Amino acid sequence: MSIDLSQFHQVFFEEALEGLDIMEQALLSIDEPQFVDDETINEIFRAAHSIKGGAATLGFTQISDFTHVLETLLDEIRQHKRTLLSEMVELFLKSCDFLRDTTCQLMQDLTPELTQGSELIAAFEKMLQAVEENEDSSDTYSEMNDSISSSVVAETFFGGMLNESRSSDEKMEGKNMAENSLIKSSKEEVIDKENELGNGAGDGKTWKIYFKPEPQILQTGNEPFRIFRELAQLGELEAQCHCDLLPDFEELVVDECFLYWTLKLTTQASRDEILDIFEWVIDECELTVELVSPEFKVDQSAAEEKKDNLKGIISEEAASEDMLKVNQSNLGATEEITSNGVTSGAKGDAATIVPLKESSVDPLSNKGQERVPLNSDESDSKKIIDKSKQKSIRSNKKEKEVVDRGGASASSIRVGIDKVDSLINLVGELVITQSMLSELGNDFDLDKLERLSNGLEQLRQNTRELQESVMKIRMLPISFAFNRFPRMIRDLSNKTGKKVQLTLKGEHTELDKTVMEQISDPLVHLVRNAIDHGIETPERRVALGKNEEGSIVLSACHQGGNIVVEVSDDGKGIDPEAILEKARDKNIHFDEAETDPQKIFDLIFEPGFSTAESISDISGRGVGMDVVRRNIKDLGGRIEVESKIGKGSVFRVYLPLTLAILDGQLVRVGDEVYVIPLVSIVESLQIKSKNINSVSGNMILYRLREDNVPIIPVYKAFNISADNTELDNALLVVVESDGRKVGLLVDDLLAQQQVVIKSLEGNYKRVEGISGATILGDGSVALILDISGLMHKVANQKKKPKRAA
Amino acid sequence: MIMAIEVPEVTTVASNDMLLDGIDFISDGDQYLTFVLGKEHYGVDILSVREIRGWEAPTIIPNSPSYVKGVINLRGVIVPIIDLRKRFEVSEPTYIRTTVVVVLIVKTGNHEKTMGFVVDAVSDVINADDQDVQVSPDFGGSVSANYVHGLVNVGDNVVTLLDVKQLLTVEDGEVVHHE
Amino acid sequence: MTNILVVDDSTSMRNMVSATLSSAGYQVKEAPDGKAALGVAKSMKFDAVITDLNMPVMNGLDLVRNLRALPSFKYTPILLLTTESSSDKKNEGKQAGATGWLVKPFNPEKLLATVGRVIG
């Protein structure tokens, strides 16, 4: 049997990257490190912990060793042994970067670059020492903790990881002291003896093992039997069972263990190997393991005392088959014992355990339950844990669950886009099938008609649900692209000494996953630019009478069939003259007579152009604005710049919706159904003739409270026929775009629903006043109105001489 | 309202056998799907034919040329429908049971473009070597020369082979009122 | 047939454990957190449970306590997936009723050996 663990690499990488995102976001959410709440730290810890576990198992020691250091520190913070400091947050953030890089390098089968990791570890260490020196008075916990953990940090990363960390953990853990000292003292003793007896038999040493479990040992699922079985695998095992503690039958508690053992093990295995077998029960038993001379014999006399007693207890059946089976198959070593004359002892222990295991001795267990409440152990342990603390953790968890759900739906997208695409098409086909079926249904027998149409209704509903859920797969809120910016701004302001306040707007705007992935880098570049070239230094800003802290606003919204992402700053703005000069410098071809600032600003997107005096570390990383523009163009989008000297700049990226989903109001005009984006609708009303005013030429205004809203009859704008061409009592949908309102004259208001936006341009071309199309539940196509486009169109028509219809 | 019809029905009505199963794909030369517009015969490269559909009323595109009938939903994709009879001004369009839509697909760069073309009926699949294809004399007919790939003789008829790529290029045209 | 329940919120870890176990002929059921595991545990019998400690919704310790309270899990071996650094966790785990632990990192051989240790 061998499992190829490499098949899990991909899952691990994805999980690790997600975990790092979670860590980073949690870290960024920390405003005041010293007052960080438990759940945030827990979340960070859990992420680090998972990454470490997976990495270690898969053999990515570069990641696991490093994460181990993080985890150790986080664990201390989590347990309030250490106070979180902002420097630590900084280091943790850098660690996230390092781990992300390392993960990506591993993903690409590259050898990870670890220098940064070592530097970070050194920084961790340095910081810890600094803490030790400076903050001894403020820290409620002793310095010892600090020094211990700093040594943990150093040791674990630079080598000797497992043993060292274990021993220092034990040092910290007072609870363990007793057992440890017990083992240790006996260990020392034994080592001396070992030296004496080490030159014994060539086939190994003889160990005397005294094992006296606590009564409740069985309640954790640990059976002495299993332990013996393992010991027997190490060598030759003889056992002597002590039954003297066995209570009288009436007092016997079935799930407690009253037996204890002296074992003789002849083996080549080391003492540690033997202790390892007792690892799980070491604090639930008395255990001594000592080296003895091969002549040592286990004594059977003690077992004899209760032997008869036992025989009386165990019924014939219980003692026969099952017991024998256990004896032979599970305890090969007992056969040895028999030959050595300790038969009764071995049988005694087997017999005692068998009834515990088998349910055939129910009367016993009933009695036992009466005497000792089974969950006494459990309630004890509950007392140990501070109840109020537990409660608060629970309630936090509940909140977390909700958050997780939200995150999970977004973070677990691992569906190949092509699969999703074909699914969408399949769904489309389903819709067609459904409409054909319903037509067929019309010709059927009247008897069957109802059943058929019921079934069809079902199919229709299923289809629609499937359609909706499948199509949403591709859509993600733009917060996925935005989330990296708080971190970036933080780093950049540290690096540049500029103070920047980042505001995110419209994070819930949904965007096609592909568009999102590809817009991310251009946005990063724009934001870097804004800090590097836009925002002035705090001193300069104060001198200019501006707020010391610069402002960068990142916003997203649906607008006229596009998603518009804006990066705006309140910095120094772009000087057209400087651009022209630079363009001449760089031999970029342009029209010298050009005066339109928009055209001049566009020059910065020309290849080879850079407004930076020197290539800076921040925005001068290879890609220029020309790449930004190219990327956006590749997505079918465009970019615009608006800037005022001294006031700041706005970079506006228009992206196509492709598959975006929109909440729409369906309206009917004649035979056609149109979709009006719900966000642009102010209100819908029935026209009252007294509020209609005609002004200049064809313009008809409708008095809506204080506003005069121009009426656009959709049938006129689109040259189609309508039921209603009269204004009186007609339906008017008042919409708003770019701060202007217009009233759209429609025949009827239909349903409101979410629609999936499909491109018209893909197979046709852009149509003025239309932002795209969608497929309605019945499979038919409805066009989506582009409100701002429609306003433009109408305004242009007004300017031009009217054409004959 | 005009009923949608199914493709098999179309093939029986369109006299000659045009089931794609019957096509001998091993034969030399290019194959063309031929169809009728009014009294004229046209052909398109069969490899660019995606499917043949019955006529269904599309959704009108506002302010579009009169030959653009609108858009339909073709398995989740929005596909414009062009009436070739109007585009080439060869016959007065009627929408009856034999009226079919030939859906053509063409790759330009890394983008695929799909459009549906309304024709009176599809008729046949023909083989034509390059040497069979004659250059079209430009007599200033209603079909602009750049749509025409060439002419080919089939029996007594002349079939005008169309350049699918050009066909799928949308131009701004006359704007009419949709009735 | 030997049934084992594997509980871990990390998909990769869960996959690794269960693939290893099933390759050795065990029947494996998976759960992403304690609560889900408890649901599964109530519906069928298991010969052993392997659970992570740090999990959302219900952590490993609470899972162990809850399992031990079920009659059918009174003696069932429950192994904790844990890391070296959390020895106090091990004690907590023991107090909650866990049988033992499996230290991460582990390799498939070690996992199978440990599971073999508790399954008769």
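The questions and answers below concern a predicted model.

Reader: How many helices and strands does chain A have?
Author: Chain A runs to 805 residues, and 36% of them count as buried. Among its contacts between residues at least 6 apart in sequence, 72% join residues at least 24 apart. The elements of chain A are 28 helices and 22 strands.

Reader: Is His9(A) buried, exposed or partly exposed?
Author: His9(A) is in helix H1 of chain A, residues 9-28. A residue is buried if 20 or more other C-beta atoms lie within 10 Å of its own, and exposed if 12 or fewer do. His9(A) has 18 other C-beta atoms within 10 Å, so His9(A) is partly exposed.

Reader: What distance separates the C-alpha atoms of His9(A) and Met107(A)?
Author: Along the chain, His9(A) and Met107(A) are 98 residues apart.

Reader: Are H2(A) and H3(A) roughly parallel or roughly antiparallel?
Author: Helix H2 (residues 38-58) and helix H3 (residues 61-78) of chain A have axes that come within 9 Å and cross at roughly 150°. Angles over 145 degrees count as roughly antiparallel. The crossing angle therefore makes the pair H2(A) and H3(A) roughly antiparallel.

Reader: Is the crossing of H2(A) and H3(A) left-handed or right-handed, and how many nonpolar residues does the contact have?
Author: H2(A) passes H3(A) in a left-handed crossing. Residues of H2(A) in the contact include Ile41(A), Phe45(A) and Lys52(A), and those of H3(A) include Leu70(A), Leu74(A) and Arg78(A). By class, the contact has 4 charged, 5 polar and 11 nonpolar residues.

Reader: Are H1(C) and H5(C) roughly parallel or roughly perpendicular?
Author: In chain C, helix H1 (residues 11-23) and helix H5 (residues 108-118) pack with axes 10 Å apart, at an angle of about 65°. Angles of 65 to 115 degrees count as roughly perpendicular. H1(C) and H5(C) are therefore roughly perpendicular.

Reader: Which residues of H5(C) does H1(C) meet?
Author: H1(C) passes H5(C) in a right-handed crossing. The residues of this contact divide into 6 nonpolar, 1 polar and no charged. From H1(C) come Val17(C), Thr20(C) and Leu21(C), and they meet Pro108(C), Leu111(C), Leu112(C) and Val115(C).

Reader: Which elements of chain B give two or more residues to the side that touches chain A?
Author: In this interface, 20 residues of chain B are in contact with 28 residues of chain A. The chain B side divides into 10 nonpolar, 7 polar and 3 charged residues. The elements that give two or more residues to that side are strand E4 (68-74), strand E5 (77-83) and strand E7 (111-119) of chain B.

Technical notes
Residues are numbered from 1 along each chain as its sequence is written. Chains are lettered from A and ligands numbered from 1 in the order in which they are written. This is a predicted model: local features need pLDDT of at least 70, side-chain atom pairs count only at pLDDT 80 or more; totals for chains, interfaces and linings use all residues. Two residues are in contact if their C-beta atoms, placed from the backbone, lie within 7 Å. Helices (H or I, at least four residues) and strands (E, at least two) are DSSP runs, numbered from the N terminus. Ala, Val, Leu, Ile, Met, Phe, Trp, Tyr, Cys and Pro count as nonpolar, Asp, Glu, Lys and Arg as charged, and the others, Gly among them, as polar. Axes are lines fitted to C-alpha atoms, for helices over the stretch in contact, and angles run from 0 to 180 degrees between N-to-C directions. Angles under 35 degrees count as roughly parallel, over 145 as roughly antiparallel, 65 to 115 as roughly perpendicular and the rest as oblique. A crossing is left-handed if the near helix is turned anticlockwise from the far one by less than a right angle, and right-handed if clockwise.
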